[in-house]
Amino acid sequence: MNETTNSNFESDVYYPSQNTIDEAHCKDYESMYKESIRNPEAFWGKIAAEFYWSKIWDKVIDDSNPPFYKWFTGGKTNIVFNAVDRHLKTWRRNKLALIWESEDGEVRTYSYFALNREIVKFANILKSMGVERGDIVTIYMPRIPELVFAMLACAKIGAAHSVVYGGFSVEALAERIEDAESKVLVTADGGFMRGKLINLKEIADEAISRQGTIEHVVVIKRTGQEIHMENGRDYWYHDLIKLPVVNQSCETESLDSEEMLFILYTSGTTGRPKGIVHTHGGYMVYTATTLKYVFDLKDEDRYWCAADPGWITGHSYIVYGPLLNGATSFMYEGAPNYPYPNRWWKMIENYGITILYTAPTAIRGLMRFGNAWPNRHDLSSLRMLGSVGEPINPEAWKWYYNTIGQERCPIMDTWWQTETGGFMITPLPVTPLKPGSATLPFFGIEVDVVDTDGNPVQNGEEGILVVKKPWPSMLRTIYKDPERYKTQYWNRFGTMYEAGDSARKDKDGYIWVIGRLDDVIKVSGYRLGTAEIESALVSHSAVAEAAAIGLPHEVKGNTIHAYVLLKAGQTPSEQLAEALRHHVGHEIGPIAKPEKINFVEVLPKTRSGKIMRRLLKARALGLPEGDKSTLEE
Ligand code: PRX
């Protein structure tokens with residue numbers, strides 16, 4: 001979709017209704033933004049003071065060792081103090097924290113009181129398995145409430161979580177466990193997706209056998225399918241909760257602001273996925289604040305972020321952001337069109353959802369089924385809509401606005417990343433909207449569009465998107481690889497963070513994100529590195545070399561096309577192509593399966609041996625091949 005996204009750059013403007021403005025937490029973006037930039041220490045200090053700290057910070061921003069910025073240093077807190085514990089002392093104790101619906105229609109609800117009880121049990125289980133403050137627990141689960149409990153249980157006892165998306169497969173899981181050196185894995189016997197069983201435990205067993213750190217596995221029963229349980233290593237969660245120790249109370253650990261809350265692996269330009277590190281203090285303050293102001297979150301809302309908790313969107317805006325605000329959050333296990341394309345609209349009606357936050361790929365996918373499906377349902381409870389993950393094409397934006405939001409609900413197109421922790425460029429409810437633009441920076445965020453020398457480009461010109469000042473929920477480093485953190489994000493422009501995206505700025509200062517500048521492909525909003533797909537292909541015995549590129553796709557945004565050079569003696573065939581697709585699915589996960597495998601005799605390379613993916617893409621799209629001076633084919 002990237003190619004068409006900005007086709008009506010500077011298009012129509014949609015103004016907020018008076019009602020939206022009257023209701024909004026922030027009625028004057030400009031003055032609050034100016035204040036946040038003029039004095040960030042005072043701005044963030046004042047907001048942070050609304051949270052519970054067991055010790056107040058000495059310094060709001062510690063920039064003594066750039067680019068290793070720290071926030072609220074000297075302070076002590078725990079995100080769980082503020083996301084759960086503090087609500088137990090108020091009327092919110094009895095408020096619903098989580099409403100969950102399974103794919104087959106089972107409903108579970110948890111008040112803040114009940115949520116706390118589940119977290120305490122899980123935390124005691126982790127402790128009984130030897131998990132200590134500073135350890136990293138890997139969590140590999142379907143989209144069920146226990147995933148949320150496990151994350152919060154880790155945070156409560158000062159362990160970090162590393163959630164691996166349940167759609168990932170063997171190698172992706174193995175390398176993440178290995179990098180994190182996790183001793184404990186939390187998983188489930190399986191999961192459901194479109195009525196089909198996903199064999200999570202089988203994948204986990206194979207991943208564990210590929211690396212050597214896991215000592216204990218906690219297994220949640222979700223599907224009841226037959227699975228292997230390794231004696232002395234694997235334990236059923238439903239057995240563990242019967243242990244007396246599990247029902248004891250469990251203190252929330254008071255931690256330093258900068259202690260690690262989680263790592264989340266994401267794809268970059270080269271090699272292995274990067275473990276992005278986020279910490280308790282700054283992440284807490286920023287995710288809570290962004291969600292409050294951008295979606296105008298209120299106690300009476302029923303908020304639904306339809307992402308997977310296994311991605312940053314789920315971490316920040318299914319788990320932490322809503323709970324920090326004491327909100328009621330809805331979570332759904334399965335596919336949007338299962339069993340019929342009205343599933344989402346039916347749930348919005350049933351639960352009276354007021355805020356829906358999803359991705360352009362889901363919107364485009366549901367738009368395909370036509371207006372009759374949403375029109376059968378009463379969507380009048382909705383008051384705010386959101387979009388994230390890739391640029392939203394104006395056609396999908398308008399359908400979302402007109403058909404789902406019934407011209408009443410502003411769309412918050414939020415630009416951000418795993419690395420940024422929270423929304424960076426986003427409208428507020430009071431911001432005039434332009435379909436396809438993420439609009440303006442959030443409070444405290446200074447962004448620009450620059451050329452390769454770091455100088456701002458002219459309005460309307462394409463350039464490199466940068467963030468000019470540190471912000472509270474910024475990544476702190478790449479786990480075990482501080483050098484890579486520096487080279488990846490800070491090398492080119494020194495004091496400016498390089499996001500890896502290209503963008504344009506219009507005359508009103510609105511940012512139009514175009515897409516990734518590096519070898520990252522966004523498939524259905526999921527971030528995949530060409531290097532990971534290529535390395536999965538090359539791990540197949542028939543393959544000598546491989547290149548992967550992303551090509552535009554109407555619903556998914558992009559799909560993967562692979563170019564494969566076979567080893568001597570291997571012959572291309574339809575069966576082999578299918579076997580390779582299957583192999584990538586088995587190693588990384590179904591989302592990484594190439595749509596098409598092209599068998600080739602040579603791959604275009606530079607003289608230094610780098611594959612010229614740009615050229616493969618231009619050829620596939622029938623576009624001009626550009627500069628070929630370095631080509632050695
Ligand atoms: O290219 C941008 C795109 O998603 C990338 C970040 O991917 P990830 O770390 O997986 O996080 C996705 C969810 C926060 C960005 O570098 N992206 C994300 N949101 C938008 C977007 N592109 C355009 N508009 C957006 N609203």
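The paragraphs below take up the sheet, then a helix pair, then the aromatic pairs.

This is a predicted model: local features need pLDDT of at least 70, side-chain atom pairs count only at pLDDT 80 or more, and totals for chains, interfaces and linings use all residues. Residues are numbered from 1 along each chain as its sequence is written, and side-chain values use heavy atoms, with hydrogens and water left out.

Start with the sheet. Strands of a sheet pair through backbone hydrogen bonds, either parallel or antiparallel. Strands are DSSP runs of E with at least two residues, and helices are runs of H or I with at least four, both numbered from the N terminus. Two strands pair if DSSP finds at least two bridges between them. H161 has F262 in β14 as its bridge partner.

Now turn to the helices. Helix α14 (residues 360-367) packs against helix α16 (residues 394-404) at an angle of about 70°, with the axes 10 Å apart. Axes are lines fitted to C-alpha atoms, for helices over the stretch in contact, and angles run from 0 to 180 degrees between N-to-C directions. The two helices α14 and α16 are therefore roughly perpendicular (65 to 115 degrees). From α14, I363, R364, L366 and M367 meet E395, A396, W399 and Y400 of α16; contact means heavy atoms within 4.5 Å. By class, this contact of α14 with α16 has six nonpolar, no polar and two charged residues. Nonpolar covers Ala, Val, Leu, Ile, Met, Phe, Trp, Tyr, Cys and Pro; charged covers Asp, Glu, Lys and Arg; the others, Gly among them, are polar.

The structure holds 46 aromatic pairs. Rings of Phe, Tyr and Trp (its six-membered ring) pair if their centres lie within 6.5 Å; planes under 30 degrees apart count as stacked, over 60 as edge-to-face and the rest as tilted. W53 and F72 have ring centres 5.4 Å apart and planes at 50°, so this pair is tilted. W53 lies in the loop between α4 (40-48) and β1 (59-62), and F72 in strand β2 (residues 70-73), so the pair ties together parts 19 residues apart in sequence. Both W53 and F72 are buried (under 20% relative accessible area, with a 1.4 Å probe and protein chains only). W344 and W345 form an edge-to-face pair, 6.2 Å centre to centre with 80° between the planes. W344 and W345 are both buried.

How values were computed:
Angles under 35 degrees count as roughly parallel, over 145 as roughly antiparallel, 65 to 115 as roughly perpendicular and the rest as oblique. Buried means under 20% relative accessible area, exposed over 50%, partly exposed in between (1.4 Å probe, protein chains only).
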